[in-house]
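Please read the points below with the sequence and the model side by side.

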Amino acid sequence: TANISHPILFEKISNEAIARQHENEFNSQNVANLLWSYAAIGQLDPRLFSSLESVVANCFHECDSQELANIAWAFAVANVNAS
């Protein structure tokens, strides 16, 4: 990572992702990359992770092994208990 913090930018991205979660805009790679990127930089937004749980559940059948690993790692790092 670049070791640069942009909390306002990431909050805006979180808000937009949460708003789009029901619009079928996320495929398995999108959601895996988004959650991984937040966890990788330490931007642990519980609202984002909680909101995207249903998106993750709906795209499990599309996930390849790397996407599953990235999603699992991101939830573990974020210390979010998925329901």
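1. The buried residues of helix H2 are Ser28, Val31, Ala32, Leu34, Leu35, Tyr38 and Ala39. Seen along the axis of H2, these buried residues fall within an arc of 165°, so they line one face of the helix. The arc is that of the directions from the helix axis to the C-beta atoms. Buried means under 20% relative accessible area, exposed means over 50%, and partly exposed lies in between (1.4 Å probe, protein chains only). Helices are DSSP runs of H or I with at least four residues, numbered from the N terminus.

2. Two remarks on the origin of these values are needed. The model is predicted: local features need pLDDT of at least 70, side-chain atom pairs count only at pLDDT 80 or more, and totals for chains, interfaces and linings use all residues. Residues are numbered from 1 along each chain as its sequence is written, and side-chain values use heavy atoms, with hydrogens and water left out.

3. Which helices do the buried residues of H2 pack against? They pack against H1 (7–20), H3, H4 and H5; contact here means heavy atoms within 4.5 Å. The length of H2 also agrees with expectation, because its 14 residues should span 20 Å at 1.5 Å a residue and its end C-alpha atoms are 20 Å apart. The expected span is 1.5 Å times one less than the number of residues.

4. Ile41 belongs to helix H2 as well. Its relative accessibility is 37%, so Ile41 counts as partly exposed. Ile41 and Asp64 are 23 residues apart in sequence, and their C-alpha atoms are 23 Å apart in space.

5. Helices H2 (residues 28–41) and H5 (residues 65–78) have axes that come within 8 Å and cross at roughly 35°. The axes are lines fitted to C-alpha atoms, for helices over the stretch in contact, and angles run from 0 to 180 degrees between N-to-C directions. The crossing of H2 and H5 is left-handed, a term used if the near helix is turned anticlockwise from the far one by less than a right angle.

6. Which residues form this contact? From H2 there are Ser28, Gln29, Val31, Ala32, Leu35, Trp36, Ala39 and Ala40, and they meet Glu67, Asn70, Ile71, Trp73, Ala74, Phe75 and Val77 in H5. By class, the contact of H2 with H5 has 11 nonpolar, 3 polar and 1 charged residues. Ala, Val, Leu, Ile, Met, Phe, Trp, Tyr, Cys and Pro count as nonpolar, Asp, Glu, Lys and Arg as charged, and the others, Gly among them, as polar.

7. In H5, the buried residues are Glu67, Asn70, Ile71, Ala74, Phe75 and Ala78. Their arc around the axis is only 125°, which puts them on the same side of H5. The face turned away from that buried side carries the exposed residues Ser65 and Ala76. The cover over the buried residues of H5 includes H2, H3 and H4.

8. Helix H1 has Phe10, Ser14, Ala17 and Ile18 as its buried residues. These cover an arc of only 100° around the axis, which puts them on the same side of H1. Ile8 and Lys12, on the other side of H1, are exposed. H2 and H3 are included in what covers the buried residues of H1.

9. Ser14, in helix H1, is buried, with a relative accessible area of 1%. Leaving out residues up to four places away in sequence, Ser14 touches Tyr38, Asp45, Arg47 and Leu48. Ser14 and Ser51 are 37 residues apart along the chain, and their C-alpha atoms are separated by 9.6 Å.

10. Is Leu52 buried or exposed? With 0% relative accessibility, Leu52 counts as buried, although Leu52 is found in the loop between H3 (46–51) and H4 (53–59). Apart from neighbours within four places in sequence, Leu52 is in contact with Ala17, Gln21, Phe26, Val31, Leu34 and Leu35.

11. Asn24 lies in the loop between H1 and H2 and is exposed, with a relative accessible area of 74%. Most residues other than glycine have a negative phi. Asn24 has a positive phi of about 55° although it is not a glycine.

Key:
Helices (H or I, at least four residues) and strands (E, at least two) are DSSP runs, numbered from the N terminus.
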